[in-house]
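I am keeping these notes while I go through the model, starting with the overall picture and ending with single residues.

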Amino acid sequence: MRNRITRREFLFASWFPFFFRRRRIRIAGIAFRAVRRGGDRRRFLWIHGNEETARAALAGHMNYAQGRAFFVESSERNVPLAGGRIDPNRMFSRVGAEKSLRTLNPSWTETQLREALAALDQDREKFLRAILPKDGGLIVALHNNGPGYAIQNEIPISDRVAMNNPSHPDEFMLCTSPADFALLSRSPFNVLLQEKAPPEDDGSLSRLAAARGVRYVNIEAALGNQVDQRWMLAWLETYLP
Ligand SMILES: [Zn+2]
């Protein structure tokens, strides 16, 4: 019975109800499940495997929203690469990837490092073509924060700040487009604009989006606060073009 679903696939399908419309994309062996629903309206990304609330929020959203969503295939924040590990939200530039690889793999030789960076370089543009939106479209990334990170960390490097919900510093949206900021700042949520790429290249998707003029929104919520993360996502879905 070649077509029988294995137990593992079944468990995955219960996580991802749109199981049968999935495919997989990769960068240097780091795999993401790609989910399509309806037209190619928006792009969504869940990139840190330990941020379970963000995964659940995005999976729920994809039950009704249109677009393409990408889910990292990992249950941990840092993912395997070339026998070591990397923070996947540091792989969007060579400079950022090198910093992450040096920190996480202190025993690596320079050759190991060069080979891992070369593998990322080889796949990066193809991967970006797969995940980035076309023609002024929007990509939405979802993250969860724990103690030690909140909106205050981002305010000093932001171009504009709408502190609409000061009692919830863990819940905020960070965008790269002034037009999106103008709309999002009318929401009940905290919003930041970071239009220019920060001088320090950390290899994050937000920096790449700012550098390339891609409309990007990061929806941040405390780990466990799925209600507010879903609410921000639904608000954005309704009011952003
Ligand atoms: Zn994250």
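Predicted model: local features only at pLDDT ≥ 70, side-chain atom pairs only at ≥ 80, totals over all residues.

Residues are numbered from 1 along each chain as its sequence is written.

Entry 1, overall form. For 241 residues a compact globule would come out near 18 Å, and the protein has 18 Å, which agrees. The C-alpha atoms fill a box of roughly 50 × 50 × 35 Å along the principal axes. I then listed the secondary structure, where helices (H or I, at least four residues) and strands (E, at least two) are DSSP runs numbered from the N terminus, and found eight helices and eleven strands. For contacts I used C-beta atoms, placed from the backbone, within 7 Å; among contacts between residues at least 6 apart in sequence, 65% join residues at least 24 apart.

Entry 2, strand S7. How many of the residues of S7 (residues 138-145) are buried? Eight of the eight are, so the strand is largely enclosed by the rest of the structure. In a regular strand the side chains alternate between the two faces of the sheet. In S7, Leu-138, Val-140, Leu-142 and Asn-144 point one way, and Ile-139, Ala-141, His-143 and Asn-145 point the other way.

I took two strands as paired if DSSP finds at least two bridges between them. S7 runs parallel to S3 (residues 43-46), joined by four bridges, and Phe-44 stands opposite Val-140. S7 also pairs in the parallel sense with S11 (residues 215-222) over eight bridges, where Val-140 stands opposite Val-217 and Leu-142 opposite Ile-219.

Entry 4, strand S11. Seven of the eight residues of S11 are buried, so this strand too is largely enclosed by the rest of the structure. S9 (residues 172-175) runs antiparallel to S11, with four bridges between them, and Phe-172 has Glu-220 as its bridge partner in S11.

I defined a nonpolar core as a set of buried Ala, Val, Leu, Ile, Met, Phe, Trp, Tyr and Cys residues joined through C-beta atoms within 7 Å. The largest has 56 residues, and those with the most contacts inside it are Val-140, Met-173, Cys-175 and Val-217. S7 gives this core its largest share, five residues. Leaving aside neighbours within four places in sequence, Cys-175 has contacts that include Phe-181, Leu-193 and Val-217.

Which class does Ala-34 fall into? With 16 other C-beta atoms within 10 Å, Ala-34 is partly exposed; this residue belongs to S2 (residues 30-37). Tyr-64, in the loop between H2 (52-61) and S4 (67-72), counts as exposed because Tyr-64 has 10 C-beta neighbours inside 10 Å.

Key. Buried ≥ 20, exposed ≤ 12 C-beta atoms within 10 Å, placed from the backbone. Rg over C-alpha atoms; globule rule 2.2 N^0.38 Å. Contact = placed C-beta atoms within 7 Å.
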